[in-house]
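Hi everyone, thanks for coming.

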Amino acid sequence: MLSNHRDDIPNLSDAEALSFLYQIAGVGLIVWNLKQESLSISPNIWDLFGFRADPEEYHDVNFWQGIIHVDDWTNVNQAISDIKLRKTLSKEIVFRIKKSEDDFLWILARVHNVEYNQNTTFKIVASLIEVDRLNSDHVEAKLHWDRYRNLINSSPIGVFVTLRENPKTIIYTNDTLAEILGVDDIENEDSKILEKRYILRDHDFTQFILETDKKRMLALLNDKYLNDTSVKELKMITQDSKILDVEVKIIVSDWEEKEAIYFFIQDVTQRKLERDQLAMANEDLERFTYSVSHDLKTPLTTIRSFLGELQKESRERNSELFIEDLNRITRAAGRLEKLVAGLLELSRIGRFHTEKETVSLENVVSKQLESLSEMVKNSNAAIIVGKLPTIKAVRVRMHQLMQNLIQNAVKFMGDEKKPTVEIGSIKKNDMYIVFVRDNGIGIEDNHKERIFEVFSRLNPKIDGTGVGLAEAKRIVETHDANLWVEESPPRSWNPKGKGSTFCISFPESSIINWR
Amino acid sequence: MNNINIEEFIVLLVEDEADHQEMIRRNLSLPNDQQLKIVDDGEDALSYLFREGDYANPEISPTPSLILLDINLIRVNGTEVLKILKCSDEAKALDLHKIPVVIVTTSSTDKDKIEAYDNYVNSYLLKPGEAEDWKKLVKEIQQYWMGFNLSTSHNV
């Protein structure tokens, strides 16, 4: 056997001998001629690494760029550039190449600068070997790094990394950041990039910082502040121009042997929104308890104070003052009762009678005008009823709402000679508005919000508890509608456009029949 | 006690509750009923002090020596009146900021107290619940602000 082989050896060509050598050593060879931008590949390379692509492609530089794992580009390019610039004569790198869509192979490459003939030929020769065979520390380190990256990638916190020497340019992000910034479903012309986290590579991150916060953000990258790892609040802007509130933490560490800056970004927009809403609800509650306690206290103070007066007056047998003060107490007690009843009713809205049904506002208004006929007659007010829609609502609340608004309009007519109330509807800027307007005394701008607060009254001369409009507001809120007041526009019955118009805009979903 | 001429002392009471107006009126003992001027809203108080509208005539609206001010008023509340009175250039031009202002209110919240003192209130008093206490309170106010206390308008 042996002798046979020995006989064959002298007949081998150089190329054949080389080919045997590759196979026995399990090493692939790539020779990159930089002058001609061409590659020569040892023929064993596809057997070695099991590539299934067309072997023709292997001679194309771009093909290699395409199958190298994106995370390893920096490494590979750096090595090649170092060799090209003759910073070093040889370098050893570990990287992954793509076998199939999701299968990567770890490769150890030894890259050399080979100059056969100075100035004419300039070649880079790389020997490739699959590193699993070597079981080297390189692999361990790479795997470790990989696991670490996976961990970062599945974190709910957005992460991006820049190099200290070029602190604005992103060299790495995790998927979460891409999702936060809304770049995760952008189509990338470069089909090699499939994973979200590569989309932002090489981008300037400051494009995602809201203009007003850019300066502050850049200041944080100043050497003075870089060691400050406290959490900062910042506004960012997404690809589709949404403004986000984020918390950012900045840490200096290294990235592949270079000094790098790590940014950890947490999207707190929702949390901040909820916090603001809670603060607003608390403020409302505070105002509510303030006015409730004040307004309940006032008649109570009257009752207690004048009870003392009564005692004195009964001792002094001052019957005239006695009766007067007794009346004061009775009035105050009556007022207290009304306030408590109003509060109770207010608290019931949204808790009782919540079943929504088809309600014709036209019917509601005509019934309310019937029951308010006495009051309307006394006020001499003319009532104009226009077209009103049929909506999905809680019937009894609609009755209360229209009652409150009509009463309110009739009550505040002042000395108008021809008091008029118009009830109607209008579709304006996609809003379905039902209005009650009058030509009465109107409401000054600075009171236009206050009037809806519980117990707020603007006119001490006109009787009322200040619950009506608060009740109307609450009813409207429980129907996901809006209530506001504006000045009445000029009409034939109101040429000067005096008085107030109360508007309710119902959500489109609640409209059954708009007429 | 100082020798203040009580005959010339004018009190402006800014109070929206008729019953509370009455309680103060009954317990205050001024030589002449006309020395107590009552308005029931902050807006009217400002009109009075700046002599606007119905209050243009100084015979009707003599500058008060003391203002008793409620906080929860209907249109313009007491805190706003106080702020305009003590801090605005308009009020300073008329020397209105030198008039002592005593708040008499049912509110004991920190917010109202702090706002009042921030705006240079001279005294902050809580409305009592008993007739006896009203009597005491008003008597004390009278004794202190119309007796011991000297303000710029008093010639002794």
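Arg397(A), Met398(A), Gln400(A), Leu401(A), Asn404(A), Leu405(A) and Asn408(A) of helix α14(A) are in contact with Gly468(A), Leu469(A), Glu471(A), Ala472(A), Ile475(A) and Val476(A) of α15(A), where contact means heavy atoms within 4.5 Å. Those residues comprise 7 nonpolar, 4 polar and 2 charged; Ala, Val, Leu, Ile, Met, Phe, Trp, Tyr, Cys and Pro count as nonpolar, Asp, Glu, Lys and Arg as charged, and the others, Gly among them, as polar.

A word on the source: this is a predicted model, where local features need pLDDT of at least 70 and side-chain atom pairs pLDDT 80 or more, while totals for chains, interfaces and linings use all residues. Residues are numbered from 1 along each chain, chains are lettered from A and ligands numbered from 1 as written, and side-chain values use heavy atoms, without hydrogens or water.

How do the two helices cross? The axes of α14 (395-411) and α15 (468-478) of chain A come within 9 Å and cross at roughly 140 degrees. Axes are lines fitted to C-alpha atoms, for helices over the stretch in contact, with angles from 0 to 180 degrees between N-to-C directions. Helices (H or I, at least four residues) and strands (E, at least two) are DSSP runs, numbered from the N terminus.

Now the sheet, please. It is open, with 3 antiparallel strands of chain A in the order β11-β13-β18; strands pair if DSSP finds at least two bridges between them. β11 (357-360) and β18 (511-513) of chain A are at the edges with a single partner strand each, so one side of each has no neighbour in the sheet.
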